[in-house]
Amino acid sequence: MAKQSPAPNWQDLALGCATLEAGSSRYQKTGDWRSSRPIWNFEQCVKCGVCTVFCPEGCLKMNADGYPQVDLDYCKGCAICVTECWTGCISMEEEKD
Amino acid sequence: MEKFNVFASRLIPKEDYVCSGHRACQGCAEALAMRLVHKVLGRNTIAASATGCMEIISSPYPETAWAIPWLHVAFENSASVGSGIEAGLKALMRKGKIPKRKINVIAYGGDGATVDIGLQWVSGAMERGHDMIYVCYDNEAYMNTGIQRSSSTPLHAATTTSPAGKAIGGQQTWKKNMTEIMVAHNIPYVATINPSYPFDFMRKVKKAAEIEGPAYLHAYSCCPTGWGSRPELGIQLGRLAVETGAFPLYEVEYGKYSVQEKVEDFRPLKDYVKLQRRFRHLTDDQIAASQERLIKEYKLLLKKEQMTREGD
């Protein structure tokens, strides 16, 4: 099960209500906002990396083979990668159930 | 040598300092702009954020999307807080309390926080000459509170406080030219940036960070929710804005203008306007009038470039 967001009580709060853990928004998996997901056709992909630059979510990374890999925990399905991919190797597929 | 400073999509920094899981809407180009800015500035950065979309989405308490020190301040005074951080760091380094090194100080706000509410604070911070960067993420209305007009809203755009009806069709005033206001402060570096041109974007942010003294960046950021555009078109709209002359890309370094992505044949403004619901009530005459004024301003910009570059 995914790690839950820490819900501190008032004694646990840091001075000035500071948030001390960097990047803790990762606890919130925004991927469930998505209604359709991007699918890559790696036969057409030229590993240019344009999709990784334009992803507003920062959930696209190049994997060890140099192909883009999407982190579906955070992908909100905006399809910017689909419109910006100039080889047209990305398509959107509707989420089932 | 500057021209050989190549960026390629595979070579840009891999680290993100604005982490995934932030609550921006689908296709938010403003979040993309912020992500790219912090990719360039890197780890040694302290940010001060005015209230606005980028504050709301990145800091849902008790979580934070930030992996760098980040402060939320009131709507108007992010520039003042940024200048205070810079002065504080300088004092601590002089007294030897922290080691001497380059720490980027960035203050940012949306267009409401910069152009309307925080204008005099931004002006003050720039005038005092602090070594900091101010970034205005311009999505052309108060999107965070529900799409109210700001003085950065373009002519005829419909917002909830400038609705388009039979009597009045949307915003009645021309967009305030904040970049020129900053140029008039005679600061070392002023530039307009657009995430649809990521390499130009990153080069300008890098320059702003390296330059000694205040720098102001005006970032175009498409807002699919407020503009009524499709979320996947955020990047294309940015390109269209440059090609139609609605958002020219230029930088002013020590008073010298240079225009990037020069437009020779302007694309019809209709291409840009028809993709956004906030402009759907526009008549062809209104579009033509707007385009005429945009082209006039663009030509003025080219003239300024020519004049300030004389003798180079």
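Predicted model: local features only at pLDDT ≥ 70, side-chain atom pairs only at ≥ 80, totals over all residues.
**Entry 1: helices α1 and α7 of chain B**

Helices here are DSSP runs of H or I with at least four residues, and strands are runs of E with at least two, numbered from the N terminus. α1 covers residues 29-41 of chain B and α7 residues 198-210 of chain B; their axes come within 9 Å and cross at roughly 50°. Axes are lines fitted to C-alpha atoms, for helices over the stretch in contact, and angles run from 0 to 180 degrees between N-to-C directions. α1(B) and α7(B) are therefore oblique to each other (under 35 degrees is roughly parallel, over 145 roughly antiparallel, 65 to 115 roughly perpendicular, the rest oblique).

I noted the residues in contact (heavy atoms within 4.5 Å): Ala33(B), Leu36(B), Val37(B), Lys39(B), Val40(B) and Leu41(B) of α1(B) meet Pro198(B), Phe201(B), Met202(B), Val205(B), Lys206(B) and Ala209(B) of α7(B). I counted 10 nonpolar, no polar and two charged residues in the contact of α1(B) with α7(B). Ala, Val, Leu, Ile, Met, Phe, Trp, Tyr, Cys and Pro count as nonpolar, Asp, Glu, Lys and Arg as charged, and the others, Gly among them, as polar.

**Entry 2: the sheet of chain B**

I found an open sheet of eight strands with mixed pairing, in the order β2-β1-β3-β4-β6-β5-β7-β8 (chain B). Two strands pair if DSSP finds at least two bridges between them. β2 (70-72) and β8 (256-260) of chain B stand at the edges with a single partner strand each, so one side of each has no neighbour in the sheet. I then checked β4 (residues 133-138) and β6 (residues 215-220) of chain B, which run parallel and are joined by six bridges. Tyr137(B) stands opposite Ala219(B) in β6(B).

**Entry 3: chain A against chain B**

I looked up the interface: 41 residues of chain A are in contact with 35 residues of chain B. The two chains bury about 3000 Å² between them, 54% of it on carbon and sulfur atoms (accessible area, 1.4 Å probe, lost on being put together, summed over both).

**Entry 4: conventions**

Residues are numbered from 1 along each chain as its sequence is written, and chains are lettered from A and ligands numbered from 1 in the order written. Local features need pLDDT of at least 70 and side-chain atom pairs count only at pLDDT 80 or more, while totals for chains, interfaces and linings use all residues; side-chain values use heavy atoms, without hydrogens and water.
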